[in-house]
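Good morning, and thank you for making time for this presentation. Please have the sequence and the structure open as we begin.

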Amino acid sequence: MAEVRIRDLRKSYGAAEVIHGVGFDISDGEFVVLVGPSGCGKSTLLRMIAGLEGISGGTISIGERVVNSLPPSQRDIAMVFQNYALYPHKTVGANMAFALRMRGMAKSEIQDRVRRAAEILGLTEYLGRYPRALSGGQRQRVAMGRAIVRDPQVFLFDEPLSNLDAKLRVQMRTEIRELHQRLQTTTVYVTHDQIEAMTMADRIVVMQGGHIEQIGSPLELYDRPENTFVAEFIGSPSMNMLDAVLCREDGALVADLGETRMPVADGPGREDGRAVVYGVRPEHLQPAGDGLPGEVAVVEPTGSETHLAVRAAGTELVSVLRERGEFRAGDPIRLTAAPEIVHLFDRETGQRLD
């Protein structure tokens, strides 16, 4: 296991710079997820750590070594890809053992490592099968086993669950997290799925356009997003956003939404007349008699929750209700949120007001 340190890392293709001087540390044994929309640079960054992409500037350190000029085989990393990349003509056991055989490792040591990895991943009974006889989840376990037997300092995962169906993705998320808790190997995991990021990470690195928008624990990003991009990207359904102007009403600070005024908590940067974005999580936007007026557009019962799509203030908002209620499309409704859980962002810069 090892710490990974990234300093002022840059990547350019000709005149086009796609990674813009990013830097952060990954602690020994930490599970860090790189997340963001397609094209944000997360997979490019992962491939630079792996040595599959050259770097245009900055440094990458794994443990005590700067690895900028080292090939992947000398970085002591193991990578699991979106596609399983298994040899179809080799058994599960042979696939897992292949890299060790290429190293010239003793046969007894190879057998011992493959056996231990198979036990960890529940693959013991499949060691003699070929990939074509395995399900998608089992093939991904084999790919993970191939990484585990190498006993690397760092695991790198590049969207490993993208080819699986929804139910299997949930199962594999749990298995990968349990695997990390058992092995405690430093792990960097790339995904575009913020639910994967929230449920698996010790810390999340949110990226956009080759820049880092915010780094923090899942709940830090959820509870205190630093800007509107993070606020909308983290959370499902995403945060409701409304343009507003701050003003005083009987001495109290309120957000003027046009059709109504909503109370907000006072704080730094929240001065009278400031143009802001008023943000509220769907589970915090609840029906109330004196709230923002609107009309129910769609009712989505999920069993444990009810999701209401509401047309209000010239846009569509989402309210998530824990309790069941009698709502129908076309019903008038008023929605409100407690002042202390409302998020305010500067309308021009998108940055959080605190």
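Predicted model: local features only at pLDDT ≥ 70, side-chain atom pairs only at ≥ 80, totals over all residues.

In which strand is the place of Thr336? Thr336 belongs to strand S18, residues 332-336. Helices (H or I, at least four residues) and strands (E, at least two) are DSSP runs here, numbered from the N terminus.

Residues are numbered from 1 along each chain as its sequence is written, and side-chain values use heavy atoms, with hydrogens and water left out.

Let us return to Thr336. Thr336 counts as partly exposed, because its relative accessibility is 22%; buried means under 20% relative accessible area, exposed over 50%, and partly exposed in between, with a 1.4 Å probe and protein chains only. Not counting residues up to four places away in sequence, Thr336 touches Met262, His284, Leu285, Gln286, Ala288 and Gly291, where contact means heavy atoms within 4.5 Å. Its C-alpha atom is separated by 9.1 Å from that of Pro263, 73 residues apart along the chain.

Next, the sheet that contains S18. Four strands form an open sheet in the order S17-S16-S15-S18, with antiparallel pairing; two strands pair if DSSP finds at least two bridges between them. S17 (315-321) and S18 stand at the edges with a single partner strand each, so one side of each is left without a neighbour in the sheet. Strand S16, residues 306-312, pairs with S17 over seven bridges in the antiparallel sense, and Ala309 stands opposite Val318 in S17.

There is also an open sheet of five strands, ordered S13-S12-S11-S14-S19, again with antiparallel pairing. Its edges are S13 (261-263) and S19 (343-346), each with a single partner strand, so one side of each lacks a neighbour in the sheet. Three bridges join S12, residues 252-256, to S13, and Ala255 stands opposite Met262 in S13.

I turn now to residues 4-234, where UniProt, in an unreviewed entry, places the feature "domain: ABC transporter". UniProt positions are given in the numbering used here, feature names are shortened, and annotations may be inferred rather than shown by experiment. This span is 37% helix and 26% strand, and its end C-alpha atoms lie 25 Å apart.

Strand S3 (residues 31-35) runs parallel to strand S9 (residues 203-208), with four bridges between them; Val32 has Arg203 as its bridge partner in S9. S9 is also joined to S10, residues 211-216, by five antiparallel bridges, with Met207 opposite Ile212. S9 and S10 form a hairpin with two residues between them, and Gly209 in the turn has a positive phi of about 55 degrees.

Helix H1, residues 42-50, is largely enclosed by the rest of the structure, because seven of its nine residues are buried. Among them are Lys42, Thr44 and Leu46. Gly51 follows H1 and has a positive phi, near 90 degrees.

Finally, the nonpolar cores, each a set of buried Ala, Val, Leu, Ile, Met, Phe, Trp, Tyr and Cys residues joined through side-chain atoms within 4.5 Å. In the largest, of 45 residues, Met96, Met144, Ile176, Tyr189 and Val206 touch the most other members. Apart from it lies another core, of 27 residues, including Leu46 and Met207.
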